[in-house]
Amino acid sequence: MNKNLVNKILITIGFLFIYRLLAYVPVPGVDTAVIASFFNSHQSDSLGLFNMFSGNAVKRMSIISLGIMPYITASIIMELLAATFPTLGQMKKERDGMVKYMQIIRYATIVITLIQAVGVSVGLQSLTGPSGNSAILADHNTFMLLSAVSMLAGTMLLMWIGEQITQSGIGNGISLIIFAGIVSAIPRAIGQTIEMVNTGAMSFITVIAIVVLILATVGIIIYVELGERRVPVTYAKKTMMQNQNKRVMNYIPIKVNLAGVIPVIFASAILMFPMTVLASSTNPTIQAIADFLNPNSYFFNFLTFMFVVFFAFFYASITFNAKDIADNLKRQGGFIPGIRTGNATKDFLNETASRLTFTGALYLGLVATLPFMIIKGMGVPFFFGGTAVLIVVQVALDTMRKIEAQIYMSKYETLSAVGL
């Protein structure tokens, strides 16, 4: 393993370690014992889902309680606007414009973070522990200011950490932060399960069923993620040997899941935004709406499925540009056998990608919702769903691909240096 790759891995681990340390830094002026007691009774609802994605930072009322979700929400809004307004879409394609585009996302993240932070602080003011002691140890107005500033600082730090990992480390920084948050909850979940088996609250057969379900989900995810449609391409290449024309065959790989893990993360961010605000209110009507959006409900899983399918098609349309591929093939003298170059090739690639995206979108939607629906009646003591497994496996696969690419790149540079 080359030194450059080792440095990238160490940088990634170092930043993720800093992220985990931040999860233990509480917001000033809160009684963490009261908040922990409250979250212990809400492990299987919307708060449990939110806590899982934050790596238990919400339960500790850390300065990174809001996680990276405000940044993701801002990114979603900008992606939708870029797809709607051509001027903004063109800005994203230009180098200087991309700098402005990312700056707008950062400003939008600040606004979303402040809205959510104020909502959380208002909700905490009415929260009391089992003995009636308040979760707030400071004056309400002072606490609102402290919580807004500290949570904004925490989210900005996470955003910076994610960008540093992407630029200097291995893999996508934002995805790895979510990955680390989910994985950090696994040991505690295992411990809870073992304790429930020992006390008889959960049968050993149920544990085996959960393990089988997780392994089956992981297997399906790996199988589909590695699946691709290879569209054959022919390049007419003149060779000097025997003064005759020969054809060199190649292919265009089109993945079954073109959008990757982004649709699941986007759907989670969209659903978590209202849950964060609604869960902090004590109004009966708002509480009823929050209960309606509980992850244990069929409606929530239906919304998750629909959002995942929508974002799968939306993101695939952005990442796969059939026109650019068709134009590049035409310039390089390549063509798909039986398909005319130009618009015919573009239409063929679009049709192929659309069919694959339909299959990939259904797969993402089912994996994100079906496992949770299956184990709903098993009495699992923590929030579990295909969304968490999907994110963990996909991010792990993506990171492994990037590590392999770095290894191959270093081998190529070594061979080039020795003149081979």
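Leaving aside neighbours within four places in sequence, Ile 72 is in contact with Ile 174, Ile 178, Ile 265, Phe 266 and Ala 269, where contact denotes heavy atoms within 4.5 Å. The model is predicted: local features need pLDDT of at least 70, side-chain atom pairs count only at pLDDT 80 or more, and totals for chains, interfaces and linings use all residues. Residues are numbered from 1 along each chain as its sequence is written, and side-chain values use heavy atoms, with hydrogens and water left out.

**Interior**

Ile 72 and Ile 254 have the most contacts inside the largest nonpolar core, which has 92 residues. Such a core is a set of buried Ala, Val, Leu, Ile, Met, Phe, Trp, Tyr and Cys residues joined through side-chain atoms within 4.5 Å. Buried means under 20% relative accessible area, exposed over 50%, and partly exposed in between (1.4 Å probe, protein chains only).

Ser 147 is placed in helix H7 (residues 140-168); helices are DSSP runs (H or I, at least four residues) numbered from the N terminus. Ser 147 counts as buried because its relative accessibility is 0%. Not counting residues up to four places away in sequence, Ser 147 touches Val 27, Ala 117 and Ser 121.

**Salt bridges**

A salt bridge requires a side-chain nitrogen of Lys or Arg within 4 Å of a carboxyl oxygen of Asp or Glu.

| Pair | Closest N to O distance |
|---|---|
| Arg 106 and Glu 163 | 3.1 Å |
| Lys 402 and Asp 398 | 3.0 Å |

Arg 106 lies in helix H6 (residues 95-124) and Glu 163 in helix H7, so this pair ties together parts that are 57 residues apart in sequence. Arg 106 is partly exposed at 23% relative accessible area, whereas Glu 163 is buried at 16%.

Arg 355 and Glu 351 are four residues apart in helix H15, and are therefore separated by about one helical turn. Lys 402 and Asp 398 are likewise four residues apart, about one turn, in helix H16 (residues 386-417).

**Surface patch**

Phe 313, Phe 358, Leu 362, Leu 366 and Leu 370 form a nonpolar surface patch with about 440 Å² of accessible area together. Accessible areas come from the Shrake-Rupley method with a 1.4 Å probe. Patch residues have over 30% relative accessible area and no salt bridge, with nonpolar side chains (Val, Leu, Ile, Met, Phe, Trp, Tyr) joined within 5 Å. Helix H15 (residues 343-375) gives the most to the patch, with four residues. Phe 313 is placed in helix H13 (residues 298-319) and counts as partly exposed, at 34% relative accessibility.

Notes
Helix = DSSP H or I, 4+ residues; strand = E, 2+ residues; numbered from the N terminus. Patch = residues over 30% accessible without salt bridge, like charges linked within 9 Å, V, L, I, M, F, W, Y side chains within 5 Å.
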